[in-house]
Amino acid sequence: MKKFSRKVIAAVVAVTLVLGIPIASKVVTDVKAADYELVWSDEFDGTSLDRSNWSVETGTGNWGWGNNEQQYYRDSADNIEVSDGTLKIHALKQSYGGKQYTSARMKTQGKRSFKYGKIEAKMKLPRFKGSWPAFWMLGENINSAGWPACGEMDIMEAINDTNNVYSNLHWSYNNKQADTPGDAHNVGDRTEWHTYGMEWTEDRAVFYVDDNVTESYKITTGSQMEEFRAKQFIILNLAIGGQWPGYDIDDSAFPDRSTMEVDYVRVYQKPDEPTTKYDGPTIKIEHDAVAEYPENWTSWIGTDWLHTEGSLTLNGDRPSNGFTANITKIGSYDHTDAVWSFQGKLENMAYYKGCTYTYKCDITSDKDKRIYVKVADGNEGNLAGGYIDLRGGITQYYSIDVYIPEDFDSTVSLKFGLGNNSVDKDDPNESFNIQVRNVSFKTSTWAPDPDYTTTPGPTTTTTKAPTTQAPTSKHVDPSTTETTTKSVTPSKKTTPKKKVTVVKVGKTKIKNIKKKKKSLKFNLKKIKGASGYQIRYSDAKNFDGYWEKNVKKSKVKLKKLDRKTKYYIKARAYKKKGNIYFFGKFSKVKKAKTK
């Protein structure tokens with residue numbers, strides 16, 4: 001989705017060809033392959049978006065999500081509908097947040113990411129002037145590496161009122177943006193069902209529509225194009241207007257012809273390809289960095305810099321209560337940094353690496369005002385956030401997901417820029433009253449247990465918090481699942497620490513599977529001293545997407561399964577010490593097909 005105008009793309013491509021970046025010619029062929037297996041999918045069979053798969057991005061992003069798009073993305077039932085087995089993204093002619101259109105954008109970042117395989121979706125696309133539907137991927141490291149160094153793989157993009165679709169790669173070459181040319185491919189009628197996909201290997205990205213290849217690009221080896229040899233997450237969105245489609249928008253298309261409909265999104269991989277699974281001992285992390293922050297909000301006001309005046313008042317004795325900014329003089333505007341002439345901030349919070357945090361707060365201004373909300377690293381880099389347009393007297397319920405990479409090694413801070421800016425450019429003596437309330441920065445995820453050891457115990461060790469993230473369950477029954485929560489001691493350090501006693505747990509095995517209609521029964525080898533057993537089962541061989549059930553006894557029954565479906569099952573015993581669960585190794589995987 002981030003791109004220049006088509007003329008600029010052509011110019012960049014010309015340069016990259018001179019520099020020797022190989023771009024393979026198009027070859028039309030059949031991309032079906034018998035050696036792929038389904039490892040994850042969302043079939044949109046429910047009545048609401050599956051939040052274990054998707055996060056919804058909101059707002060206008062930074063400069064219209066990098067493209068000067070004209071919509072405001074909302075997490076609203078008006079824009080996101082799951083019904084009759086499909087996802088509908090509705091773009092509407094609707095004034096909201098300073099924009100004249102609303103739509104939706106969702107991503108699997110921090111929840112589902114993949115390296116190599118076939119990624120495809122079956123979709124009906126809207127077709128009218130100003131429309132810009134897209135199905136694409138970004139590198140999992142975007143928050144630390146930035147764009148385009150994270151890499152972008154556009155599986156399908158379409159604009160305006162033609163039946164053409166485009167597929168492209170964007171990456172960093174010698175610290176500059178590089179792009180593939182992406183010729184137009186006519187699909188006949190894009191408002192009808194078509195399957196759009198990409199077959200991605202270590203050395204090539206092959207794009208296809210309805211199993212016929214439309215583009216094939218070589219991915220070079222060595223240090224170049226390394227962005228495409230790392231995990232990426234999936235994005236679905238419907239933009240309105242912007243640099244590429246332009247700003248001539250057909251308002252007569254709303255609402256009857258302005259829906260992007262998705263039947264499914266599926267990912268296939270070869271058995272020997274990397275996946276996102278983790279089979280080792282795990283713990284459940286529940287952490288709210290704001291609730292456990294040991295201090296409170298502080299301010300910085302550029303009185304001598306831009307003549308901003310005012311004060312910041314705490315709304316309570318806890319940082320989650322937020323603050324009230326009493327801006328008595330907004331100050332002068334002379335460049336874009338002026339928005340930071342009045343700041344409210346929480347600096348150097350504790351966090352777990354490899355986790356996705358959800359940052360939420362309620363923001364109210366007594367007048368129309370543009371502000372900047374930022375999750376910053378130690379170099380003032382932008383982990384997440386952007387400009388928000390507040391409407392006087394209307395509370396903005398802000399929410400954004402923030403992925404902390406596994407290799408992240410910096411601080412995390414929450415910052416508000418409330419000064420004058422390019423949109424305001426108000427009288428320097430203008431006054432504002434802005435309240436921020438109900439602040440949280442939370443994560444809830446399974447992660448590898450850093451305190452696990454195979455050495456006979458008990459032993460005692462002090463260790464840093466986990467640095468990798470296990471996949472979240474496909475479905476979890478709250479009534480049968482027991483979780484482990486590690487508390488975090490608030491500190492100024494970047495990672496919480498915890499002292500625990502480690503206990504060794506024996507390895508169980510699955511015996512005597514009985515196949516029933518929509519159910520499977522089996523026994524587990526009893527482990528001495530075990531508090532219970534955790535069962536994982538999946539219709540994917542590599543467990544990328546699974547169900548989970550905890551039981552107290554060694555006799556197990558899995559119910560409400562699909563008929564005539566092959567399931568893969570594994571189990572492990574656990575022991576409970578206080579409020580901490582110690583898990584043994586998983587058993588060998590058993591497979592069985594329901595009747």
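Trainee: What percentage of the residues in the protein do buried residues make up?

Mentor: A residue is called buried when its relative accessible area is under 20%, exposed when that value is over 50%, and partly exposed in between, with a 1.4 Å probe and protein chains only. Of the 595 residues in the protein, 56% are buried. Please keep in mind that this is a predicted model, in which local features need pLDDT of at least 70 and side-chain atom pairs count only at pLDDT 80 or more, while totals for chains, interfaces and linings use all residues. Residues are numbered from 1 along each chain as its sequence is written, and side-chain values use heavy atoms, with hydrogens and water left out.

Trainee: How many helices and strands are there in the protein?

Mentor: Both are DSSP runs numbered from the N terminus, helices being H or I over at least four residues and strands being E over at least two. The protein has four helices and 42 strands.

Trainee: Among contacts between residues at least 6 apart in sequence, what percentage join residues at least 24 apart?

Mentor: A contact means heavy atoms within 4.5 Å. Within the group you describe, 74% of the contacts in the protein link residues at least 24 apart.

Trainee: Which strands does β17 pair with, and how many bridges join them?

Mentor: Two strands pair if DSSP finds at least two bridges between them. Strand β17, residues 204-209, pairs with β16 (residues 194-200) in the antiparallel sense over five bridges, and G197 has Y208 in β17 as its bridge partner. The hairpin that connects β16 to β17 passes through three residues. With β18, which covers residues 212-218, β17 runs antiparallel over six bridges, and the bridge partner of R204 is K218 in β18. The hairpin of β17 and β18 has two residues between the strands, and D210 in this hairpin takes a positive phi near 50°.

Trainee: Why is β17 described as largely enclosed by the rest of the structure?

Mentor: Five of the six residues of β17 are buried, so the strand is largely enclosed by the rest of the structure.

Trainee: What is the order of the strands in the open sheet of three strands?

Mentor: The order is β35-β36-β39, and the pairing is antiparallel. Because β35 (510-516) and β39 (555-558) stand at the edges with a single partner strand each, one side of each is left without a neighbour in the sheet. Fitting axes as lines to C-alpha atoms, for helices over the stretch in contact, gives angles from 0 to 180 degrees between N-to-C directions; here, with direction ignored, neighbouring strands are turned by 15° against each other on average. Strand β36, residues 519-524, pairs with β39 over four bridges, and K521 has K557 in β39 as its bridge partner.

Trainee: Where is Q269, and what does its side chain reach?

Mentor: Q269 belongs to strand β20, residues 259-269, and is buried with a relative accessible area of 1%. The side chain of Q269 reaches the backbone oxygen of Y116 at 3.1 Å.

Trainee: How many disulfides does the structure hold?

Mentor: A disulfide is a pair of cysteine sulfur atoms within 2.5 Å, and this structure holds zero of them. C150 counts as buried at 1% relative accessibility, and C361 is buried with a relative accessible area of 1%.

Trainee: Are D84 and N175, each with a positive phi, buried or exposed?

Mentor: D84, in the loop between β4 (80-83) and β5 (86-90), has a phi near 50°, a positive value in a residue other than glycine, and is exposed with a relative accessible area of 78%. N175, in the loop between β13 (164-173) and β14 (176-179), has a positive phi near 65° and counts as exposed at 77% relative accessibility.

Technical notes: Polar contact = N/O pair within 3.5 Å; in protein donor to acceptor, adjacent residues only side chain to side chain.
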